[in-house]
Amino acid sequence: MNQAFSQLLTIFSRTKQDIEVFNSMLQPVVDNAKDEHERLYFHHILEEEEQRLERLDVLLPMLKHSLEEELSNRQLVQLLQELSLEKFGLHNFREHLDLAMFEFKDEERHSLLKSMRESTQTDYLTVKELVTELNNKFLDVSPVEAFSNVGSSSSKSSQPETTSKQQEKRLTVGSLRNK
């Protein structure tokens, strides 16, 4: 699992750098737009990528932490959720690069965008495969087990704490009706 997290850390670190370069290309277009349509169009893309940078600022430390310490079930579930979200973020970034290639026709920026697009496509396929593999490793973990320590003050423990009473108690449709 550490090998997968290490690969993902490399991919998303590279992606973060690419997004920063991409955003620095878009900002002047937004600032000097010929009309409101152009300004809104590129502002929308820029805003999505800025939000993505914020999510990567959360994800990258989580990946680094996963390489240094064993994760609790809760932390692992959170990490898998973030990775699934960023898989789609990579897909969107690839599309944003495609759209930007229509705007930036000069050789220097077009070839830079094309290079980032190719590496993003490769990264997207790799992330898609790695996330599927990681999710398949945890198919046998029930949601109750995965979230057993949610809300407890001792969430630093890497092992879920279950008592015999918790093991007997399971959620059913009927158990939720009177709540």
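Trainee: Which residues does Phe 22 touch, not counting residues up to four places away in sequence?

Mentor: Keep in mind that what we are looking at is a predicted model. Phe 22 is one of the residues through which H1 makes its contact with H3, and it is also among the members of the largest nonpolar core that touch the most other members. Leaving out residues up to four places away in sequence, Phe 22 touches Ile 45, Glu 49, Phe 93, His 96, Leu 97, Ala 100, Leu 113 and Met 116.

Trainee: At what angle do helix H1 and helix H3 pack?

Mentor: Helix H1 covers residues 2-31 and helix H3 covers residues 73-103, and their axes lie 11 Å apart. H1 passes H3 in a left-handed crossing. The angle at which these two helices pack is about 40°.

Trainee: Which element gives the most residues to the largest nonpolar core?

Mentor: This core has 38 residues, and Phe 5, Leu 8, Phe 12, Phe 22, Leu 63, Leu 83 and Leu 113 touch the most other members. The elements that give two or more residues to the core are H1, helix H2 (36-68), H3 and helix H4 (107-137). With 12 residues, the element that gives the most is H1.

Trainee: Does Leu 97 count as buried or exposed?

Mentor: Leu 97 is found in helix H3, and, leaving aside its neighbours within four places in sequence, it is in contact with Phe 22, Leu 113, Met 116, Arg 117 and Thr 120. The C-alpha atoms of Leu 97 and Ile 45 are separated by 9.8 Å, although these residues are 52 residues apart along the chain. The relative accessibility of Leu 97 is 0%, and therefore Leu 97 counts as buried.

Trainee: How do H2 and H3 pack, and what is the angle?

Mentor: The axes of H2 and H3 are 9 Å apart, and the crossing of H2 and H3 is left-handed. By class, the contact of H2 with H3 has 13 nonpolar, seven polar and eight charged residues. The angle at which H2 and H3 pack is about 150°.

Trainee: Why does Phe 42 count as buried?

Mentor: Phe 42 is found in helix H2, and its contacts, leaving aside neighbours within four places in sequence, are with Leu 26, Val 29, Val 30 and Glu 103. A residue is called buried when its relative accessible area is under 20%. Phe 42 counts as buried because its relative accessibility is 4%.

Trainee: How far apart in space are Asp 123 and Ile 11, C-alpha to C-alpha?

Mentor: Asp 123 is found in helix H4, and at 5% relative accessibility it counts as buried. Not counting residues up to four places away in sequence, Asp 123 touches Ile 11, Arg 14, Thr 15 and Leu 90. Although Asp 123 and Ile 11 are 112 residues apart in sequence, their separation in space, C-alpha to C-alpha, is 6.4 Å.

Trainee: What does His 65 count as, given its relative accessibility?

Mentor: His 65 is found in helix H2, and it touches Leu 71 and Gln 75, not counting residues up to four places away in sequence. His 65 and Phe 5 are 60 residues apart in sequence and 9.8 Å apart in space, C-alpha to C-alpha. Buried means under 20% and exposed means over 50%. At 25% relative accessibility, His 65 therefore counts as partly exposed.

Trainee: What percentage of the residues of the protein chain count as buried?

Mentor: The protein chain has seven helices and zero strands, and among its contacts between residues at least 6 apart in sequence, 75% join residues at least 24 apart. The accessible surface of the chain comes to about 11,300 Å², of which 51% belongs to carbon and sulfur atoms. Of the 179 residues of the protein chain, the part that counts as buried is 31%.

Definitions and conventions: Residues are numbered from 1 along each chain as its sequence is written. This is a predicted model: local features need pLDDT of at least 70, side-chain atom pairs count only at pLDDT 80 or more; totals for chains, interfaces and linings use all residues. Side-chain values use heavy atoms; hydrogens and water are left out. Axes are lines fitted to C-alpha atoms, for helices over the stretch in contact, and angles run from 0 to 180 degrees between N-to-C directions. Helices (H or I, at least four residues) and strands (E, at least two) are DSSP runs, numbered from the N terminus. A crossing is left-handed if the near helix is turned anticlockwise from the far one by less than a right angle, and right-handed if clockwise. Contact means heavy atoms within 4.5 Å. Buried means under 20% relative accessible area, exposed over 50%, partly exposed in between (1.4 Å probe, protein chains only). Accessible areas come from the Shrake-Rupley method with a 1.4 Å probe; for residues, only the protein chains shown count as cover. A nonpolar core is a set of buried Ala, Val, Leu, Ile, Met, Phe, Trp, Tyr and Cys residues joined through side-chain atoms within 4.5 Å. Ala, Val, Leu, Ile, Met, Phe, Trp, Tyr, Cys and Pro count as nonpolar, Asp, Glu, Lys and Arg as charged, and the others, Gly among them, as polar.
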